[in-house]
Amino acid sequence: MAAEVLAGAGVAVVVFERMPSPGRKLLRAGRGGLNLTHSEPLTDLLDRYGPARDRLAPAIEAFDPTALRAWCAGLGLDTMVGSSGRVFPIGLRAAPLLRAWLRRLEALGVELRPGHRWEGWTSQGALLVTDPAGTTSAVEADAVVLALGGASWSRLGSDGAWVEPIAAAGIAVAPLRPANCGFVVPWSATFRDRFAGVPLKDVVLSHAGTSARGDAVVTAEGLEGGAVYAMSRPLREALEAGRPATLQIDLRPDQTIAELAARLSRRRPKDSRATALRRGAHLHPVDIGLLREVTGNRLPEDPQDVARLIKAIGVTPTATQPLDRAISTAGGIALDEVDDAFMLRRRPGTFVAGEMLDWEAPTGGYLLQATISSAVAAANGALSWIKGTGAGG
Ligand SMILES: Cc1cc2nc3c(=O)[nH]c(=O)nc-3n(C[C@H](O)[C@H](O)[C@H](O)COP(=O)(O)OP(=O)(O)OC[C@H]3O[C@@H](n4cnc5c(N)ncnc54)[C@H](O)[C@@H]3O)c2cc1C
């Protein structure tokens, strides 16, 4: 996006991409339909960025969800709003978007150099770039936009190796940590073997005053899925602070304890425990398995106690899943290190965009929105820088 803005303004642009082809993470995001942004009111959307809200707000206001959708339509892909307010390209695929985008960049004269890795700076401040043959050369540029991503799904390209040269330049980097990630829960072998891969459907997860509704998937290692990702920030912060990261799971969010208890007390004498739970509370085998798991297979007898448990099963993750498996990355270049145009204060003329910066947001289109908006802002900053220094491009 930064290349598009700069080339559109007549600047000669070269993109160095370490992978053999660009946009691999974007293509992967397309498997989930490519949730580009969210349709909620802008102030609600901005709130999703937590402590980074105020720093990201000007960029997102300048290139907001409406502008993002118009840009997408300009590439020939109209967008639609899904039932949850999330915005997707019609067709729910990233490949046509990426193809059209690369065609546009080519038409604008952007030179793409795949297989080229940025390694840092020479002592004179030129870029160190290693080509596919392994030769490292110094590259001069009037302005640079770094958009090297976070450190999740490294096989798609963003491996976080940039932290080393950036930190060596004295630029503060908050440790890269998993965001929108799964968690490790030490399940018993019985529960794990029987239920790994099975979703807990439409549950409410809560921790320390925050809650999220959706699906959570039991995995061999623990829990993942949309509702878990939504809780990942408070859970990760609890683990980081050494506090118990206990997650309360409400298996029946639309029923009260009293309603559930009343239904459960109508158990027919010949019904087994599992049948009574299935009939009385519409629980699935995985739900019943979880109740047994957390009680050491000693389910309470009193319907009121069972109902209470169904509404608040306590599960305590012991760790986040590894960063490489997370949807996105928390941490990155400290926002104090960049000015309002995302220019590195310690490297004038070098701008930063996307997940490299220290912000995080839930899933819902907020990641691509902030990435793309920050790239537009960084490119506009680079443009002013080039004009201000009288450089040619
Ligand atoms: C499975 C999955 C699904 C997702 N789905 C969504 C979604 O639906 N909606 C949403 O908003 N977000 C989604 N995301 C997150 C979103 O894809 C990222 O937030 C976004 O791609 C970040 O953009 P970026 O440009 O900062 O980094 P990236 O997209 O990671 O791009 C960084 C690029 O820099 C290259 N690079 C890295 N280091 C170097 C180097 N040293 N030299 C040269 N090149 C280098 C990489 O190869 C890569 O191409 C998803 C992520 C994953 C993993």
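Between which two helices does the loop that holds Thr295 lie? Thr295 sits between helix H13 (285–294) and helix H14 (303–311); helices are DSSP runs of H or I with at least four residues, numbered from the N terminus. The model is predicted, with local features needing pLDDT of at least 70 and side-chain atom pairs pLDDT 80 or more, while totals for chains, interfaces and linings use all residues. Residues are numbered from 1 along each chain as its sequence is written, and side-chain values use heavy atoms, without hydrogens and water.

Thr295 counts as buried because its relative accessibility is 18%, the cut-off being under 20% relative accessible area with a 1.4 Å probe, protein chains only. Residues up to four places away in sequence aside, Thr295 touches Pro300 and Leu309, where contact means heavy atoms within 4.5 Å. In H13, the buried residues include Val286, Ile288 and Leu291. H13 is followed by Gly296, which has a positive phi, near 60°.

Next come the nonpolar cores, sets of buried Ala, Val, Leu, Ile, Met, Phe, Trp, Tyr and Cys residues joined through side-chain atoms within 4.5 Å. The largest has 66 residues, of which Tyr49, Trp71, Ile333 and Trp359 touch the most other members. Helix H15 (residues 366–389) gives the largest share of this core, 13 residues. A second, separate core has 40 residues, among them Ala245, Leu260, Ala281 and Leu299. In soluble globular proteins, nonpolar side chains tend to be buried together.

Leaving aside neighbours within four places in sequence, Ile333 of the largest core is in contact with residues including Trp162, Val173, Leu344 and Met356.

Key. Buried < 20%, exposed > 50% of the residue type's maximum accessible area, 1.4 Å probe, protein only.
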